Amino acid sequence: MTTEQIKSMQTRLGITSDGFWGPKSTATCQAWLRKLMPSTYPWPEQYEAKLASFYGSPGDESKLVNLDVSGLGVLYDRAPVKTIRCHGRVADSLHRVLTAVHASPFAYILEDYAGCFNDRPMRGGTAPSLHSRGAAIDLRPGTNGNLDHWPDAADMPLEVMAMFAAEGWLAAGANWGRDAMHFQATR
Ligand SMILES: [Zn+2]
């Protein structure tokens, strides 16, 4: 994001708009997103035992469904996407998020969908990624890479993170300061 975009995001969060995204901006942003989340939290904590009891085993394709996303303008490598293969327990929620994004000024984010179910470990680690349970989605990877610091060097809009937060999904950019393409259904 540009300094001006960071400043306007800080204004929205009610903090000093100096364009410098430090620990205070990070903490305020995380708290702001948390407040948007449902009061009864829908997703499991990010511990293997909790994930396993809620989602089942990593790579268990019997838990997956083909979510119909036709009409939402989702593109993968510029080709229209009709269905997204995701975990059955996140499907309705994911559809609501994508519908909200599609109806917003940020619909362009969906024009660069980069995957949901993928049976692989977390980047740079050995723990299974939430992608291995079909409970994570990547969007607009070109400008929100794993090593691109958000928001200085990545452009995932706060508004899109807010739409995911309304369904209880975590935004990697706001929470881990990188990999801003990534959203996952955990607390
Ligand atoms: Zn991801």
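Student: In which sense do strand 5 and strand 7 pair, and over how many bridges?

Tutor: This is a predicted model, in which local features need pLDDT of at least 70, side-chain atom pairs count only at pLDDT 80 or more, and totals for chains, interfaces and linings use all residues. Residues are numbered from 1 along each chain as its sequence is written.

Strand 5 and strand 7 (residues 182-184) pair in the antiparallel sense, over three bridges. Strands here are DSSP runs of E with at least two residues, helices are runs of H or I with at least four, and both are numbered from the N terminus. Two strands count as paired if DSSP finds at least two bridges between them. One of the bridges joins Ala136 to Gln184 in strand 7.

The sheet that holds this pair is open and has three strands in the order 5-7-6, with antiparallel pairing. Strand 5 (136-138) and strand 6 (170-171) are at the edges with a single partner strand each, so one side of each has no neighbour in the sheet.

Phe183 links this region to other parts of the chain. Not counting residues up to four places away in sequence, Phe183 touches Ala136, Ile137, Phe164, Trp169, Leu170, Ala171 and Ala172; a contact means that the C-beta atoms, placed from the backbone, lie within 7 Å. Phe183 is also among the residues with the most contacts inside the largest nonpolar core, together with Met161, Phe164 and Ala171. That core has 44 residues. A nonpolar core is a set of buried Ala, Val, Leu, Ile, Met, Phe, Trp, Tyr and Cys residues joined through C-beta atoms within 7 Å. Buried means 20 or more other C-beta atoms within 10 Å of the residue's own, exposed means 12 or fewer, and partly exposed is in between, again with C-beta atoms placed from the backbone. Elements giving two or more residues to the core include strand 5, strand 6, helix 5 and helix 6. Helix 5 supplies the largest share, six residues.

The peptide bond from Trp150 to Pro151 is cis, with omega near 5°. Arg140, although not a glycine, has a positive phi of about 55°. Most residues other than glycine have a negative phi, and most peptide bonds are trans. Arg140 is buried, as 22 other C-beta atoms lie within 10 Å.

The loop between helix 6 (172-176) and strand 7 holds Asp179 and Arg178. Asp179 has a positive phi, near 55°, and is not a glycine. Asp179 is buried, with 24 other C-beta atoms within 10 Å, whereas Arg178, with 19, is partly exposed. Leaving aside neighbours within four places in sequence, Arg178 is in contact with Asn146, Leu147, Asp148, His149, Trp150 and Ala172.

Of its 187 residues, 36% count as buried. Residues 24 or more positions apart make up 60% of the contacts with a separation of 6 or more. The C-alpha atoms fill a box of roughly 50 × 35 × 35 Å, taken along the principal axes.

Definitions and conventions
Two residues are in contact if their C-beta atoms, placed from the backbone, lie within 7 Å.
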